[in-house]
Amino acid sequence: MMDEFFVGEIDTATIPSKTTYTPPKQPHYNQDKTSEFIIKLLQFLVPLAILGVAVGIRFYTKSA
């Protein structure tokens, strides 16, 4: 079966050499991103607070 599917030998001189990995350049870290962090935090916490108030009102008015 090997004789039937044998195509040929590989010439090792034509194999390209391995290139070393160089990570992509990253932009300099900006220390003044606290306002962006606060905005993202508020975008998460404000809807949760509204939901909590709505659930609290629902339970309060249901029991009364």
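Phe59 lies in helix 2, which spans residues 34–63. The model is predicted. With a relative accessible area of 57%, Phe59 counts as exposed because that value is over the 50% cut-off.

Phe59 is also part of a nonpolar surface patch of about 1200 Å². Other members of this patch include Phe37, Ile38, Leu41, Leu42 and Phe44. Leu45, Val46, Leu48, Ile50, Leu51 and Val55 belong to the patch as well.

A "transmembrane region" covering residues 37–60 comes from the UniProt annotation, in an unreviewed entry. Over residues 37–60 the chain is 100% helix and 0% strand.

For the protein chain as a whole, the secondary structure consists of two helices and zero strands. Totals for the chain are tabulated below.

| Item | Value |
|---|---|
| Accessible surface of the protein chain | about 7100 Å² |
| Part of that surface belonging to carbon and sulfur atoms | 65% |
| Buried residues among the 64 residues | 0% |

Note on methods:
Residues numbered from 1 in each chain as written. Predicted model: local features only at pLDDT ≥ 70, side-chain atom pairs only at ≥ 80, totals over all residues. Heavy atoms only, no water. Patch = residues over 30% accessible without salt bridge, like charges linked within 9 Å, V, L, I, M, F, W, Y side chains within 5 Å. Areas by Shrake-Rupley, 256 points an atom, 1.4 Å probe, with all protein chains shown as cover. Salt bridge = Lys/Arg side-chain N within 4 Å of Asp/Glu carboxyl O. Helix = DSSP H or I, 4+ residues; strand = E, 2+ residues; numbered from the N terminus. Buried < 20%, exposed > 50% of the residue type's maximum accessible area, 1.4 Å probe, protein only. UniProt positions renumbered as here; feature names shortened; annotations may be inferred.
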